[in-house]
Amino acid sequence: MMDYEKLGLKAGIEIHQQLDTAEKLFCRCPTTLRDASERTGDFHRYLRATESELGEIDRAAREEMKLVRKFRYYTYDTVCLVEHDEEPPAPMNPEALEVCLTIAKMLEMTPVERVHTMRKLVIDGSNTSGFQRTALVALSGALPGGCQVETICLEEEAAQRVEDETFSLDRLGIPLVEITTAPCMHTPEAVQEVAAHIGMVLRSTGRVKRGLGTIRQDINVSIADGARVEIKGVQDLDLIAEVVRREVERQTNLLAIRDTLRERGARVDHTVIDVTALFAETKSSILKKAKAVLAVRLCGFAGLVGREIQPGRRLGSEMSDYAKKCGVGGIFHTDELPAYGVTAEEVARLREFVGAVEGDCVVIVAAGRERAGCAAEQVMIRAEMALSGVPEETRKMLEEGSTAYMRPLPGAARMYPETDVFAITIDEKLWESVEIPELLTDRVARFVREFGLDEGLARQVAFSERLPLFEEAVAAGVRPTLAARTLLATCRELARDGVEVARVSEEEILALLSAVEGGRAAKEAIPDLLTELARTAGDAGAPGERVDAAIEKMGPAVSQADVEEIVRRIVTEREAFAREKGMGALGPLMGVVMQELRGSVDGKVISETLRRELQRLLS
Amino acid sequence: MESLQTGDLVRYANGGTALTGTYIAERDGMAVIKLESGYNIGTSLEKIEFVERPASQPAAGAGVVVQNPDLPDLAVISTGGTIASRVDYRTGAVMSQFSVSDILRAIPELGDIARYRDCQIASILSENMQPALWRELARAVYDEIRAGVAGVIVTHGTDTMAYSAAAVRFMLKTPVPVVFVGSQRSADRPSSDNAMNALCSAAVAAGDLGEVAVVMHATTNDDRCAVHRATRVRKMHTSRRDAFQSMGMEPLGYVDYPSLSVTLSDEAVRRGTEEPELHDALEERCALLHFYPGMPPAVLDAFEGYAGLVISGTGLGHVATEWIPRLREMIEDGTTVVMTSQCLHGRVCDRVYNTGRDLLSAGVIEGEDMLPEAALVKLMWVLGNEPDPERARVLMQTDLAGEIRRRSI
């Protein structure tokens, strides 16, 4: 068990949440996601880093420039020239700003007096312009447990990567809030709790997008003597604590490696040695077909390059990530050789050729000459970093919670004003007009209190995407328990049984629940009726008519007189049994009647009628 | 409080927040400050407090880029359109760059095509361009050609680039390529079309062309630039990269990107065809009028005493019948009136309908298939160089610089 306090763990999170607005942040396109197969065309562009005032290209931007890359973009009939970077942006979407202010108010933040939109350089291809538009809207909020929210920004979502250098423009420009906390969390669990709380606040607005990829967490982690590392794109809330644990483990191990390297007097030999000829006859197909095989000698690194620093990750994996920036597939190092078709004899020859002595590790890269040279350089850069500890990096999450290197942490000098968007003043009147919605946690308590739902069901309803429908049904006079059970339990069970219940429209569900409340269908018939509505989904007809047709089909309407007649007949047929059992016959006879009426009449109606009939017989 | 200057370090207090930032400017009664995170925010002046004035940073980007002496010599004449710009992330200012070293630092591949000498004649937005500047520009180009450059690149704002290119074309005979180039998307953005347009224009300027052209994106892709004839090009979109189009003809050629290989059509005038000549007289008392239904003839009074008037008329080249008496008077008083069409595509023909026939009899000149803007510039040049009205009339219907097509295709 790690003592996180002793290790000096400091963690903060950035939460990115897409907003469910009608239009995008800086154009009038809908915020609809599309399937790549629906694209109406594509185009391609090159991005080029611009020189900053110090004559320096931002280090993150420079890293991306290592490869000359052409980006391809898929376009749709729901995308306009703004996403194409062919038209200046429209004014900031007021609906998005209002949602952002609502969230800011819920987090007890102070809005800035005037919001200025900025251009943040992003040249990985995910923004056609080469920058992301972003605006700081409010500052300094409070979280339970004493943690602070530093900022909330309203920004454009980036384009979705389809593969490699191909992006899809449907997502580009969807409004996104970015909530940044202070580095105020000191245990992995605290990070997860804060993320869960902010997620709950966001969903309480009812105006954020739901589903996979609509919320993403970036986690900042550092330990004493380590370095700030930003882990991008953690989508699964339940993995957050594990990601933090593994990053602490990685930094701790990198520091241990650094200490060992220093004790050994390790160093990086900066001559790149061409060893292509040594592998002319090798059985390793990668080495054999490469135009150039280059070697780097890491003096005193033996055993450490192959040491695990995180489940499934070694120092060698980090070097490999850096090398991959040059377009190579990876690296080989002598801590893991002989393997991959490289023989012990070849390793011995390699070591001898580069002058490696005991305690040295040799890394080789195989590719075209230029790429291999670039990769060898990168390996040396990462090896030097190992001598000083943990590098500041942006990393991406792998499955299970380990991480891989993406790029250096961006420098500060990468934002400048978006001159095409006017600044927006947030005066007191606007701020006062922002209404705070009920927190979902408060809503759970209210549902228990007002509707008599049990806490589990209340929580399910409150956090479910069906919440608006539930509230609409209750407002229309449907009993809360009936609405909740139908929307959650019944629909889930039917879906599990393969009924495409998602195809039944909300209006139809509402009409169905009203029909049940109005006594036109029994609640026992709901599963059958939903199944019928799902089966005929897409057929013509208003929701009310479609529900009536389903009721008609599943069982003709049975009047109270019919019920009384059937009950009387059944009681008469079983008169002896009834007289013998007295009112105790109610249960058994109930089953008989229910079977006959097959759910077309509410059980409560039947039981009351039956009770009256039995009382009449026995009196 | 000391009066604040851009770059001053300030303390910002709002709600429970106390942050430091950099003072940028005062705008509409509020201060703009840049926080350490890089974000700008607007705040009331009373919420910020001066902390210190940092020592000014050394000017960046100095140093001269060494050019390859074995490559052809090109002149880069700038009028204010920006090929390159530099962003000051501290203040957010975007600065245009004009010196060759600055441009070569921003677009290093230019150094593989040619060596460059720079000459800045103006630094204006192209909507503020003036005929007097067209003349200055034509003279600067002529001087460079006489000085022996292999080609000339003119950087220009895109709004009125087509006018300037046409004007230079009428005033100048050139044996070398004279290439106008600009960018539709600001040069500060990584996606800007500036670099590709600049590279393609340099490739054309160092190539086999022998006339004045506009070189800009051919499509929304970064795949090729089109080479347009100066007198037949028009900006046809407010914002797209491929806004410039050749009207009534195919482009003179294309430049593939990134290979920068130039293909010219048979029609493109080749290097060395013309001897350098400059005839830079312009009659500036000329106007271009866009007719609309209901436009009162009294509008014409504003052009009383003008030497020339180009009308962008409807359809085949019409204005309302009630205009004809007033036009007849103007023509009799010495104004040369040329009819073009707001259709932009196609040829004027005032012989089909009565209105047209009446216009002809009043003395209006059919502008053939000339673009209205090209016709205006041509009229200025013709009236500036040809004092005889009858000969001027003939010249307006003669192809002088590729502005009139004999056949409509």
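Predicted model: local features only at pLDDT ≥ 70, side-chain atom pairs only at ≥ 80, totals over all residues.
In helix 18 of chain A, the residues A:Val563, A:Val567 and A:Val571 are buried; a residue counts as buried when 20 or more other C-beta atoms lie within 10 Å of its own, as exposed when there are 12 or fewer, and as partly exposed in between, with C-beta atoms placed from the backbone.

Residues are numbered from 1 along each chain as its sequence is written, and chains are lettered from A and ligands numbered from 1 in the order in which they are written.

What covers the buried residues of helix 18? The cover includes helix 19 (575-581), helix 20 (586-597) and helix 21 (603-618) of chain A. Helices (H or I, at least four residues) and strands (E, at least two) are DSSP runs, numbered from the N terminus. As for length, helix 18 comprises residues 560-573, and its 14 residues should span 20 Å at 1.5 Å a residue, which agrees with end C-alpha atoms 20 Å apart. The expected span is 1.5 Å times one less than the number of residues.

I turn now to A:Thr180, which lies in strand 11 (residues 175-181) of chain A. A:Thr180 is partly exposed, because 19 other C-beta atoms lie within 10 Å. Beyond its neighbours within four places in sequence, A:Thr180 is in contact with A:Glu14, A:Glu150 and A:Thr151; contact requires C-beta atoms, placed from the backbone, within 7 Å.

Next, the contact between the chains. Chain A contributes 41 residues and chain B 36 residues. On the side of chain A that touches chain B, the elements giving two or more residues are strand 2 (41-46), strand 6 (117-121), strand 7 (131-142) and strand 23 (415-417).

Finally, strand 5 (residues 114-115) of chain A pairs with strand 4 (residues 40-43) of chain B in the antiparallel sense, over 2 bridges; pairing requires that DSSP find at least two bridges between the strands. Here A:Arg114 stands opposite B:Gly42.

Methods: Contact = placed C-beta atoms within 7 Å.
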